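Here is a set of questions and answers for a reader who is learning to look at a protein model step by step. Please keep the sequence and the structure in view while reading.

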Amino acid sequence: MSDFPEFAVRVDQNPYLPAGGREMHAIVSVEARASGGPGPAADGGRAPAAEIIMIDTSGSMSYRGKMAAAKRAARAAVNVLRDGVHFAVVAGANRPRMVYPQGERLVRADAASRRGAVDAVGRLEAAGGTAIGSWLRLADRLFTGHDAVAAGAVKHAILLTDGKNQHESDEELDAALRQCTGRFLCDARGVGTDWNVAELRKITSVLLGGFLDVPDPADLEADFLAMTRAAMSKQVADVTLRVWTPQQARLRFVKQMVPAVEDLTARRGESGPQTGDYPLGAWGDENREYHLCVEVQPGDVGRQMRAAWVKLVAGDQVLASGNVIAEWTDDEARSTRINGRVAHHTGQSELAEAIQQGLEARREGDEDTATARLGRAVVLAREVGNEQISSLLDKVVDVVDPARGTVRLKRDVAKADEMSLDTRSVRTVRTRHGDAAGG
Amino acid sequence: MNADQHTPVALCRTCGEPVNERDRFCEECGRPDPTTPRTPPLGTALPHASPTPASRAAPFAPNPVPRQREQPPSAPQADPGEGTAAGGACVDCGVGAVGADGYCEQCGLRQPSGREHVEAEAGRSGAAVSDLGLRRSRNEDAFALAELPAGVCAVVCDGVATAPGSEEASRLAAEAALAVLTGRVPAGADPRGAMRDAAARAGEVVAGLPGDPDSSPACTFVSAVVDAGGITVGWVGDSRAYWLSPAGSCRLTTDDSWASSMIEQGAMSAEEAWADRRAHVLTAWLGADAGPLDPHVAAFRPTGPGLVVLCSDGLWNDLPEPSDLAAVALTGRDGPLDAARRLVRAALDAGGHDNVTVAVLRYPPPGPSRERGR
């Protein structure tokens, strides 16, 4: 447990501001490498883990082979739980129901319990509605019961749904999310085309996870395997981004940019003088990137300021830190330079926003706005080199002039394509360090 | 541009400006492959520096007169090297404590190191001034000077900004060399031998500093002993010594630089060589990656009175001609400190692009009427 991965922080920025300049941008890249080296040999270094698999068993799951695919996926996930992980399988409908084990508790994974869970999953049948908030509350109870056994465990849930949250109110879902915030992490998958992108975005955003669309139920199994393996590989449960800023400075935003765009600004919890904490969830062998923007009081030309001091913290241990510097200069050649990685991530933020606004306008029948925003997205996707987004955009608009962003809305757009574009709008592409994309 | 504060920025090995690791040229000075390690004979170059008031270690060091602009009020007569203000209150907001890395914990401003502007005098025989210049954020030049029983000696070093640690390198080199000179010359050693030993000792000290294999801390070196017998100068790199007198002025050193070596070999005219972007690349320096050290030493016996000026390239870049320097230094009948200040001011007025350090020593030394620490 104390064998944390080795964290390293890298800051990319143009530290120079013109005289009187206030706004400093920086990209903070955090890289964690398992201390024991890669591979399963480092098992001892992993944090204890608890996993809950929540399968939507509402009536609609019986169509188009979704239930059968969900069962295969859940069984695959159970089978890759490593020995010693505590887990449960929950079926969700109007109310949640324990699939395995039978009582409201988690059970330790071993050959017998995995077999028991696989058998129980095989007996699942689809019936009833969808009330995701109640499923999450059950997960929270299960994890809470487990806390006494293993404090500091990585608590992770997988949520699969095929429909909208129709059988409880938005308020009920929001209340459940408030209760579960900071209690466990949740990744979600939407299967078919009847679920709601905004809903899963909200749920996984609050619970520090990600979500994806799985248009073809046949892909579900591989996806569950990958998700479970990723959860199993986490080595430290609760990592926090701690940001110090100078007095009278204002941290305008903190956004996660890699692996996906996620605005963390509102998640700040004050943790000391001029210092705020942003919870990041569990970490394994992985890289993430953050875009910070801080507004500082201008210093004299020639002076240098620490505009932000960024630390990765677990418990009371600082895992890594980096400085965002501001230096005022009267040399325009310096102060006007644009850092390539800042430019790249700025483009990716704007891209996600343009897609979401464009699709929203399209749903509302505002074709002018939809055309303008999706056209802008076409330009940005090319600029930042996000080919997946470019090809998804091609399914929603006819591109007349890709450089200027002249597009026409397609008349017939498959629901799955629209949802895929919406879902993946926040997925970013990484740049190599030093790339000057857009710069 | 791509600056990273955690693993320190990639710096151009010539001018010390932050550069992207993959830049083919430094945008500031034009050095090709600005971050690739020095390969002989193209070395490093030079830039900046950091001054130190002479005195400390030297037994004869009479009087550092530190007049440090912006010195934190609370900082005791402290080591003006790194982090003078550490532990004290911030000079800007007056409230925050200053962390070990020099930033105020409240307002975030980096505290002056104490090396932004340093002045020192050695009795009436010599003085030195070092200044950050107008464009740099730190002063990596250093000087040390001391009176001798029968004269005066001084050292000027210019830290090579490519490697973190060169700020420290220049300071330690100047101090180490001064300690050798003030120990050996009064004991009767030949100044030329003492000068070689001083350079060797400074080289050892710098080579012993921690650094990574690609960028060891490094600095240039120029030093002079002035007594009734004449002037002895020693140097490595492109910091210079000049002789300035009403009867005629000249340069006493030749640079260990690419331009110098091209001119010397007859491969290029002086104009062509200095116009080349490699002009300032060093061919010799003090540092772990410098190879065997072979300091130049030369002795002179002037026929009349004048001034010996030691300087970093922050001065001679803008005022290369001995006559230019003489015109600034020899006006007025004031002392060496005023002459040094005027020279520094002239460099700042000419652009102040780099750190500037100047030591001015009188020849002949002004008799034995020295009062310590005037």
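Two strands are said to pair if DSSP finds at least two bridges between them. The model shown here is a predicted one.

Q: Which residue is the bridge partner of B:Asp141 in strand 4 of chain B?
A: Strand 3 of chain B, which covers residues 141-148, pairs with strand 4 of chain B, which covers residues 151-158. This pairing runs in the antiparallel sense over eight bridges, and a hairpin of two residues joins the two strands. Within strand 4 of chain B, the bridge partner of B:Asp141 is B:Asp158.

Q: How many of the residues of strand 3 of chain B are buried?
A: From strand 3 of chain B, B:Asp141, B:Phe143, B:Leu145 and B:Glu147 point one way, while B:Ala142, B:Ala144, B:Ala146 and B:Leu148 point the other way. Residues on both sides are buried, a word that stands for a relative accessible area under 20%. Strand 3 of chain B is thus described as mostly covered, and the number of its residues that are buried is eight of eight.

Q: What percentage of the contacts in chain B between residues at least 6 apart in sequence join residues at least 24 apart?
A: The secondary structure of chain B comes to seven helices and 13 strands, and 57% of its 374 residues count as buried. When the contacts in chain B between residues at least 6 apart in sequence are considered, the share that joins residues at least 24 apart is 67%.

Q: Are helix 8 of chain A and helix 9 of chain A roughly parallel or roughly antiparallel to each other?
A: The axes of helix 8 (residues 340-363) and helix 9 (residues 367-384) of chain A come within 8 Å and cross at roughly 155°. Angles over 145 degrees count as roughly antiparallel. Because of this crossing angle, helix 8 of chain A and helix 9 of chain A are roughly antiparallel.

Q: How many nonpolar residues does the contact of helix 8 of chain A with helix 9 of chain A have?
A: Helix 8 of chain A passes helix 9 of chain A in a left-handed crossing. The residues that make the contact include A:Leu351, A:Ala354 and A:Ile355 of helix 8 of chain A, and A:Leu374, A:Ala377 and A:Leu380 of helix 9 of chain A. Sorted by class, this contact of helix 8 with helix 9 of chain A has four charged residues, six polar residues and, as the number asked for, eleven nonpolar residues.

Q: Which residues of helix 11 of chain A meet helix 10 of chain A?
A: The axes of helix 10 (residues 387-394) and helix 11 (residues 415-424) of chain A come within 9 Å and cross at roughly 150°, and the two helices are therefore roughly antiparallel to each other. Their crossing is left-handed. From helix 10 of chain A, the residues A:Gln388, A:Ile389, A:Leu392 and A:Leu393 take part, and in helix 11 of chain A they meet A:Ser420, A:Leu421 and A:Arg424.

Q: Where in chain A is A:Pro259 placed?
A: Most peptide bonds are trans. The bond that joins A:Val258 and A:Pro259, however, is cis, with omega at about 10°. The place of A:Pro259 is in the loop between strand 12 (250-258) and strand 13 (262-263) of chain A.

Q: Is A:Arg64 buried or exposed?
A: Most residues other than glycine have a negative phi. A:Arg64, by contrast, has a positive phi near 55°, and this residue lies in the loop between strand 4 (49-56) and helix 1 (66-79) of chain A. Because its relative accessibility is 56%, and the cut-off is over 50%, A:Arg64 counts as exposed.

Q: Is A:Leu136 buried or exposed?
A: A:Leu136 is placed in helix 3 (residues 132-147) of chain A. Leaving aside residues up to four places away in sequence, A:Leu136 touches A:Met54, A:Leu173, A:Leu177, A:Cys180, A:Phe184, A:Ile203 and A:Leu207. Because its relative accessibility is 0%, A:Leu136 counts as buried.

Technical notes: Residues are numbered from 1 along each chain as its sequence is written. Chains are lettered from A and ligands numbered from 1 in the order in which they are written. This is a predicted model: local features need pLDDT of at least 70, side-chain atom pairs count only at pLDDT 80 or more; totals for chains, interfaces and linings use all residues. Side-chain values use heavy atoms; hydrogens and water are left out. Axes are lines fitted to C-alpha atoms, for helices over the stretch in contact, and angles run from 0 to 180 degrees between N-to-C directions. Helices (H or I, at least four residues) and strands (E, at least two) are DSSP runs, numbered from the N terminus. Angles under 35 degrees count as roughly parallel, over 145 as roughly antiparallel, 65 to 115 as roughly perpendicular and the rest as oblique. A crossing is left-handed if the near helix is turned anticlockwise from the far one by less than a right angle, and right-handed if clockwise. Contact means heavy atoms within 4.5 Å. Buried means under 20% relative accessible area, exposed over 50%, partly exposed in between (1.4 Å probe, protein chains only). Ala, Val, Leu, Ile, Met, Phe, Trp, Tyr, Cys and Pro count as nonpolar, Asp, Glu, Lys and Arg as charged, and the others, Gly among them, as polar.
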